[in-house]
Amino acid sequence: MASILHLMPDLEPDEMGYIQTLVKPMNEDEARQFASIYRSRRREPMLLLVTTIVGFFGVAGIQRFLTGQIGMGLLYFFTGGLCLIGTIIDLVNHKRLAYEYNVKQADQVIMMMRHGR
Amino acid sequence: MSQLPIVRNYWQQANTWVPLEALLWPVGLVLLASMDPAGVHLFSFCPFSWVLENGCPGCGLGHGIAYLARGEWQAAWAAHPLAAPAVLLLLWRCGSLLYFHRTHSNHLKH
């Protein structure tokens, strides 16, 4: 039984709650492997916030590309962040966007590790 | 900007019940669809339209969606070519958000 708090103390609280449920049944080695793969794949909420703010001054939608939403990214890019409304929504919503993306990545890492065994 | 953390707090609390982003897109689409696209243009909330002569790349998107709701495909295309893809993408996004919420919401707590 491993604790993610020791391996990745930089996680957001929600995210840590979810990742802990994934890591709990693992032994120390597996948890360490999971943490190193997951760390390289997750996105910092701060990165999404900064790229959202870039949308006010020029290129909109980078935050959507970064979270794997290519369609929404293109839509934001070509419409000035849906006439700024989408950009404002993402400004408030950036933590949730990051959480959503990170949880999906964590699920994928778990799948990869099951296959690699 | 100092209000942002408070807004975000309320936002995150409400988000545990249903993802607000999945509510906002349909509300926006319904509002735009119920707008009269041929009416007189009185006032725009868009700050770009106050400054720039031709507006920003998103100009006409709302009119395009309103025309789509009335089945006037050519007028919608003329207003903004991305109007139809925008509606489809936003609905797709709402669907995937709700699916994510159904499969993962039991781990969200505030």
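Which residues in H3(A) meet which residues in H8(A)? The close-ups below cover this contact and several others.

View 1. Chain A has eight helices and zero strands. Helices (H or I, at least four residues) and strands (E, at least two) are DSSP runs, numbered from the N terminus. Along the sequence, the pattern reads α-α-α-α-α-α-α-α. The C-alpha trace of chain A spans about 50 × 25 × 15 Å along its principal axes. Of the 117 residues in chain A, 52% are buried (under 20% relative accessible area, with exposed over 50% and partly exposed in between; 1.4 Å probe, protein chains only). The accessible surface of chain A is about 5,500 Å², and 65% of that belongs to carbon and sulfur atoms. Accessible areas come from the Shrake-Rupley method with a 1.4 Å probe; for residues, only the protein chains shown count as cover. Among contacts in chain A (heavy atoms within 4.5 Å) between residues at least 6 apart in sequence, 62% join residues at least 24 apart.

**View 2. Helix H3 (residues 28-41) of chain A packs with helix H8 (residues 85-116) of chain A.** The angle is about 135°, and the axes are 10 Å apart. Axes are lines fitted to C-alpha atoms, for helices over the stretch in contact, and angles run from 0 to 180 degrees between N-to-C directions. H3(A) is therefore oblique to H8(A). Under 35 degrees counts as roughly parallel, over 145 as roughly antiparallel, 65 to 115 as roughly perpendicular, and the rest as oblique. From H3(A), the contact takes A:Glu30, A:Gln33, A:Phe34, A:Ile37, A:Tyr38 and A:Arg41. From H8(A), it takes A:Tyr101, A:Asn102, A:Gln105, A:Ala106, A:Gln108, A:Val109, A:Ile110, A:Met112 and A:Met113. By class, the contact of H3(A) with H8(A) has nine nonpolar, four polar and two charged residues. Ala, Val, Leu, Ile, Met, Phe, Trp, Tyr, Cys and Pro count as nonpolar, Asp, Glu, Lys and Arg as charged, and the others, Gly among them, as polar.

**View 3. A:Asn102 and A:His94 lie in helix H8 of chain A.** A:Asn102 is buried, with a relative accessible area of 1%. Beyond its neighbours within four places in sequence, A:Asn102 is in contact with A:Glu15, A:Tyr38, A:Arg42 and A:Arg43. A:His94 counts as buried because its relative accessibility is 3%. Leaving aside neighbours within four places in sequence, A:His94 is in contact with A:Pro45, A:Leu48, A:Leu49 and B:Arg8.

**View 4. Helix H4 (residues 61-69) of chain B is mostly covered.** Seven of its nine residues are buried. They are B:Leu61, B:Gly62, B:Gly64, B:Ile65, B:Ala66, B:Tyr67 and B:Leu68. The buried residues of H4(B) pack against helix H7 (80-83) of chain A, and against helix H2 (20-33), helix H5 (73-79) and helix H6 (83-104) of chain B. After H4(B) comes B:Gly71, with a positive phi near 80°.

**View 5. H4(B) packs with H6(B) at an angle of about 80°.** Their axes are 8 Å apart. That angle makes H4(B) roughly perpendicular to H6(B). B:Leu61, B:Gly64, B:Ile65 and B:Leu68 of H4(B) make the contact with B:Ala83, B:Ala84, B:Ala86 and B:Val87 of H6(B). The contact of H4(B) with H6(B) divides into seven nonpolar, one polar and no charged residues.

**Conventions.** Residues are numbered from 1 along each chain as its sequence is written, chains are lettered from A and ligands numbered from 1 in the order in which they are written. In this predicted model, local features need pLDDT of at least 70, side-chain atom pairs count only at pLDDT 80 or more, and totals for chains, interfaces and linings use all residues, while side-chain values use heavy atoms, with hydrogens and water left out.
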